[in-house]
Amino acid sequence: YPSLSKFLVVFTVSGGGLVAYAEANSTNGAPAIASSESENVKKKVVVLGTGWAGTSFLKNLNNPTYDVQVISPRNYFAFTPLLPSVTCGTVEPRSIVEPIRNIVRKKHSDVQYCEAECFKIDAENKKIYCRSTQNGKDEFVVDFDYLIISVGARVNTFNTPGVEEHCHFLKEVEDAQRIRRTVIDCFERASLPNVSEEERKRILHFAIVGGGPTGVEFAAVLHDFVKEDLVTLYPRVKDQVKITLLEAGDHILNMFDKRITTFAEDKFGRDGIDVKTGSMVVKVSEKEISTKEMKNGQISVMPYGMAVWSTGIGTRPIIVDFMKQIGQANRRVLATDEWLRVEGCDSIYALGDCATINQRKVMEDISAIFSKADADNSGTLTVKEFREVIDDICERYPQVELYLKKKQMSDIFDLLKESKGDDTKESIELNIEEFKSALSQVDSQMKNLPATAQVASQQGVYLAKCFNRMEECEKNPEGPLRFRGTGRHRFRPFRYKHLGQFAPLGGEQTAAQLPGDWVSIGQSSQWLWYSVYTSKQVSWRNRVLVVTDWTRRFIFGRDSSRI
Ligand code: FAD
């Protein structure tokens, strides 16, 4: 680890070894000491993870006064929205990854990368413990002034027996490559002459567990691969192919607009993809999947050849361990404040899939803001005062604004209006208790931010901007008034801007749900999908490679070699 040894020397310097370091460099004369002194004042920022959050933080950090150490077991950034396309060879794996060293090389600040995983965070002593991914044995310790935790999440199996052993996941590039090989394997195995008809049917039964965006997109790309390429290459077995999508809820894509859900279910029905909703997988064995009907509890067993598990995300062990340390043991992800600081740890930030802004605390604070505004303790506020309080809340908690200002705000007014029996909003006095009870109904709708690349990358950009202006904002704080304490917060809180989401449904049809609940389904959205995903690539190299892959697929079809 040449880069690490250099880094550790710097740590020794800041750990009180300045004299030793200066002496060791004394042959170089005064300038060497001067440069070691300037390094000495640099704050050490350690970034864990090279996914969406970590990479967008690194790309946007422009302040040369930090000494940045990146630690991740993956020495590249992967563009996850195109992982389903990798499973069937529409896009090649190397087209959607970018070496992290390429990204940090372009930075003017001091950034080092270490291929290792962090296995323990010591918040009190500001140290992290890491293990090399090369041999899984070499361990080392790194100090930090600021720690950015962006380690993402792992697959959630809900402890369903047999899933780890027999199912494929679709989380990493390696998973997508494995799926691609297994699909071809299934077709080759089913084509062997000694395979019985029943066994052939089993081998060519592809089961996808989870009707969320990833499961649905995989079902769609697999169907396209079979229909457009494999049926011509394997004509003898084409009639035995079956794709089943299992979903425990009532509908697939239930986080999307109803119109998209209905369109997707109808389209899959027409394409011959068997969508089984209300069906929960309870056990997976080598050749069979057991499901339980949600309506009547009936257990059924279905033979399968390949299963892909895509039911959501769980917490990484390092985060579980850290949450126990800092008194957040009962949570699923790390709780942060609106500035993305881990609650109770001032110099530790968490972003992306491993963290969320603590909504319960937000609700408590909102409640307290109301009580403070009610200076005369009358239990009422005029509509004017009420609006001022809402503005204050929205400045402090921009993510609440989405709910309060969009539709729930009018719901609250409606509720209050109903309870007062008065529709002249401007003249009535609003009872705080009534408002709080109305707000508690909104509470359940103030869901956590979704675990998406969009949230993770916006958080990375936000935090990098804060770090770029740390000193400036220390002197001239720009955030809202401190609720507990005096003065203003240094920065404005994080504000998430939802830019819409896509659900590719196969056959050059994509559903798009854009801001303002604008829904578009069809080929035009597919072209929008192509252009958005091209523009979102992290480098020009990726853009060119992805577009070349799509063009190659249009002209020559997908490659079905099992390599
Ligand atoms: P990740 O991107 O998962 O990055 C985590 C990083 O931490 C990785 O580099 C990992 O190697 C590293 N790491 C892990 N453990 C450690 C450790 N112990 N120490 C140090 N480093 C560690 N979102 C969208 O918005 N739109 C989409 O279309 C979309 N499609 C998706 C399709 C698929 C197939 C998948 C799997 C996800 C998709 N997502 C999409 C979700 C999106 O990928 C995630 O929300 C996003 O990756 C979260 O970013 P992150 O930085 O928190 O985590």
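This is a predicted model: local features need pLDDT of at least 70, side-chain atom pairs count only at pLDDT 80 or more; totals for chains, interfaces and linings use all residues.

User: How many residues surround the ligand, and which are the closest?

Analyst: The ligand is surrounded by 33 residues, and the closest are Gly49, Gly51, Gly152, Gly352 and Thr452.

User: Which elements give two or more residues to that shell?

Analyst: Those are helix H3 (52-60), strand E2 (66-72), helix H4 (83-87), strand E5 (110-122) and helix H16 (453-468).

User: And what's the shell like by class?

Analyst: It has 16 nonpolar residues, twelve polar and five charged.

User: OK, back to the domains. How is the chain divided?

Analyst: Besides domain 1 and domain 2, there is domain 3, covering 359-446. The centres of domain 1 and domain 2, taken over C-alpha atoms, are 32 Å apart. Their contact takes 25 residues from domain 1 and 23 residues from domain 2.

User: On the domain 1 side, which element supplies the largest share?

Analyst: H4 does, with five residues. Strand E3 (76-78) and strand E4 (97-99) each supply at least two residues there, as does H4. By class, that side of domain 1 has 16 nonpolar, six polar and three charged residues.

User: H3 and H16 both turned up around the ligand. At what angle do they pack?

Analyst: About 35°, with the axes of H3 and H16 7 Å apart. The crossing is right-handed.

User: Which residues make that contact?

Analyst: From H3 you have Trp52, Ala53, Gly54, Thr55, Ser56, Phe57 and Asn60. H16 brings Ala453, Ala456, Ser457, Gln459, Gly460, Val461, Leu463, Ala464 and Lys465. By class, the contact has eight nonpolar, seven polar and one charged.

User: Switching topic: what's the strand order in the five-stranded sheet?

Analyst: E10-E17-E11-E12-E13, in an open sheet with parallel pairing. The edges are strand E10 (168-169) and strand E13 (274-277), each of which pairs on one side only.

User: How many bridges link E10 to E17?

Analyst: Two, in the parallel sense, with E17 being residues 306-309. Histidine 168 has valine 308 of E17 as its bridge partner.

User: And what holds strands together in a sheet, in general?

Analyst: Strands of a sheet pair through backbone hydrogen bonds, in either a parallel or an antiparallel way.

Technical notes. Residues are numbered from 1 along each chain as its sequence is written. A residue is near a molecule or strand if its C-beta atom, placed from the backbone, lies within 6 Å of it. Helices (H or I, at least four residues) and strands (E, at least two) are DSSP runs, numbered from the N terminus. Ala, Val, Leu, Ile, Met, Phe, Trp, Tyr, Cys and Pro count as nonpolar, Asp, Glu, Lys and Arg as charged, and the others, Gly among them, as polar. Domain bounds come from an automatic or database domain assignment. Two residues are in contact if their C-beta atoms, placed from the backbone, lie within 7 Å. Two strands pair if DSSP finds at least two bridges between them. Axes are lines fitted to C-alpha atoms, for helices over the stretch in contact, and angles run from 0 to 180 degrees between N-to-C directions. A crossing is left-handed if the near helix is turned anticlockwise from the far one by less than a right angle, and right-handed if clockwise.
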